[in-house]
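Please keep the sequence and the 3D view open while reading.

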Number of protein chains: 2
Amino acid sequence: MMNSATEVTRRSQKMRHTATHLTTVARRLTAERGLNGFTVEEVCDEVDISRRTFFNYFPSKEDAIIGVQPEEDLRRFSDEFLARGSGGWATVVDDLVELVIAHFESAGVHTAEHAQLMSALEREPKLLFKFMGVTRERDRQAMALVAQRENVAVDDPRAEAALNVLSILLRSTGEHYLLSENTHDFSTLLHERLAAMRAVLAPESPRKGNP
Amino acid sequence: MMNSATEVTRRSQKMRHTATHLTTVARRLTAERGLNGFTVEEVCDEVDISRRTFFNYFPSKEDAIIGVQPEEDLRRFSDEFLARGSGGWATVVDDLVELVIAHFESAGVHTAEHAQLMSALEREPKLLFKFMGVTRERDRQAMALVAQRENVAVDDPRAEAALNVLSILLRSTGEHYLLSENTHDFSTLLHERLAAMRAVLAPESPRKGNP
């Protein structure tokens, strides 16, 4: 059905596509020439947008390399998470995992993208601090979101635990996903890892539990 | 009782003390002057050991800054972990946490130490890659250890999950421990975080679970 919601989705997909393109080019140029070896204008030329449009996407060259998520994307993620409503802590992790997978699938995260980020960071290690800062800021926002939905204080250790679980699952899944011998899709690997984490954190375990 | 085991422990404590001292000095000099602003000899002079002794502790200046664990320490950790024997996956995480806490307490990890590492890394961001490499190598060894004790393949997702849980718990606990307003000890904070992680990963949760 072609309604305004579809229109918003389509526009947001186009924006995401442009943001991804900018990030791809910025990362490649960083890996090739270092952070000071290219200008924002050169990135814009390759992606065929104006300098002014660039700054609608990213506040700086560094941010384009890091690849901050477009605001609209984050808002949609938040809205969907809140709309599901509280269903206890186990559903918090399941909902986060499900939404992240849906997001990754629609954004089309590719192996090459991750490799490019690593090349850029190797050439300019100081970007790693910025990258870690962005990740931390996003984690902080997500923690506040979880606390809001579950109606607990923003510093409740469970809100932090839920996000920590999500971030370690994503990192570990990402690493396995990128292995050349991997044949599974992202979602399968992520659920396998979530099940393993539940297994090792089960409160009661049989005294003889091999394997 | 003064037996040979006590003797070994005493010697290993002295070695750990020297290693920690070398790392403290190397980190401070890195933060002050950068990686190429000082020599191994200068570190040795401050700690009052010979250049030759230095290389018994660390293969390079970078390793001294990163602060690799002495081999003997790691071996003791492994021995203790294996000696406890398999008791199912829940005990894997509990045993790891308990041994790490014991290790931290005997090594005397201080707030200042962590701050010094951060200063050194800010001055020389490329060390971060080396640091991450060391951490990853240590994680890999620990994963093999867990797989051995639980009698599963080295790539069993549960072995990785157990180590991932441990590393995220340590990171999160470390961050809270270092906050100026913190009044809890490391062990209390770590157990609080472990309980929170178990709560959010409980397989069954009541449909109305607030707060």
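The same surface serves both copies, as 100% of the contact residues of chain A recur in chain B.

Residues are numbered from 1 along each chain as its sequence is written, and chains are lettered from A and ligands numbered from 1 in the order in which they are written. Because the model is predicted, local features need pLDDT of at least 70 and side-chain atom pairs count only at pLDDT 80 or more, while totals for chains, interfaces and linings use all residues.

## Make-up of chain A

Chain A has 10 helices and zero strands, and its pattern along the sequence is α-α-α-α-α-α-α-α-α-α. Helices (H or I, at least four residues) and strands (E, at least two) are DSSP runs, numbered from the N terminus.

Chain A has 211 residues, of which 27% count as buried. A residue is buried if 20 or more other C-beta atoms lie within 10 Å of its own, exposed if 12 or fewer, and partly exposed in between, with C-beta atoms placed from the backbone. Among contacts in chain A between residues at least 6 apart in sequence, 62% join residues at least 24 apart. Two residues are in contact if their C-beta atoms, placed from the backbone, lie within 7 Å.

## The interface

The interface brings 41 residues of chain A into contact with 41 residues of chain B. On the side of chain A that touches chain B, the elements giving two or more residues are α6 (89-107), α8, α9 and α10 (186-200) of chain A. With nine residues, α9(A) gives the most to that side. By class, the residues of that side are 22 nonpolar, 10 polar and nine charged. Ala, Val, Leu, Ile, Met, Phe, Trp, Tyr, Cys and Pro count as nonpolar, Asp, Glu, Lys and Arg as charged, and the others, Gly among them, as polar.

## Helix packing between and within chains

Two packed helices are described by the angle between their axes and the distance between the axes. Helix α9 (residues 157-177) of chain A packs on helix α10 (residues 186-200) of chain B at an angle of about 70°, with the axes 8 Å apart. That makes α9(A) roughly perpendicular to α10(B). Angles under 35 degrees count as roughly parallel, over 145 as roughly antiparallel, 65 to 115 as roughly perpendicular and the rest as oblique. Axes are lines fitted to C-alpha atoms, for helices over the stretch in contact, and angles run from 0 to 180 degrees between N-to-C directions. In this contact, α9(A) residues including A:Ala161 and A:Val165 meet α10(B) residues including B:Ala196 and B:Met197. The contact of α9(A) with α10(B) has eight nonpolar, no polar and three charged residues.

Within chain B, the axes of helix α9 (residues 157-178) and α10(B) come within 9 Å and cross at roughly 130°. That makes α9(B) oblique to α10(B). Among the residues that meet here are B:Leu169 and B:His176 in α9(B), and B:Phe186 and B:Leu190 in α10(B). By class, this contact of α9(B) with α10(B) has eight nonpolar, three polar and one charged residues.

## Individual residues

A:Leu145 is in helix α8 (residues 127-150) of chain A. A:Leu145 counts as buried because 20 C-beta neighbours lie inside 10 Å. Not counting residues up to four places away in sequence, A:Leu145 touches A:Ser78 and A:Phe81. The C-alpha atoms of A:Leu145 and A:Asp79 are separated by 9.6 Å, although these residues are 66 apart along the chain.

A:Asn151 sits in the loop between α8 and α9 of chain A. Phi of A:Asn151 is near 60°, a positive value in a residue other than glycine. A:Asn151 is exposed, with 11 other C-beta atoms within 10 Å. In chain B, B:Asp48 lies in the loop between α2 (40-47) and α3 (51-57), and its phi is near 65°, also a positive value in a residue other than glycine. B:Asp48 is exposed, with 9 other C-beta atoms within 10 Å.
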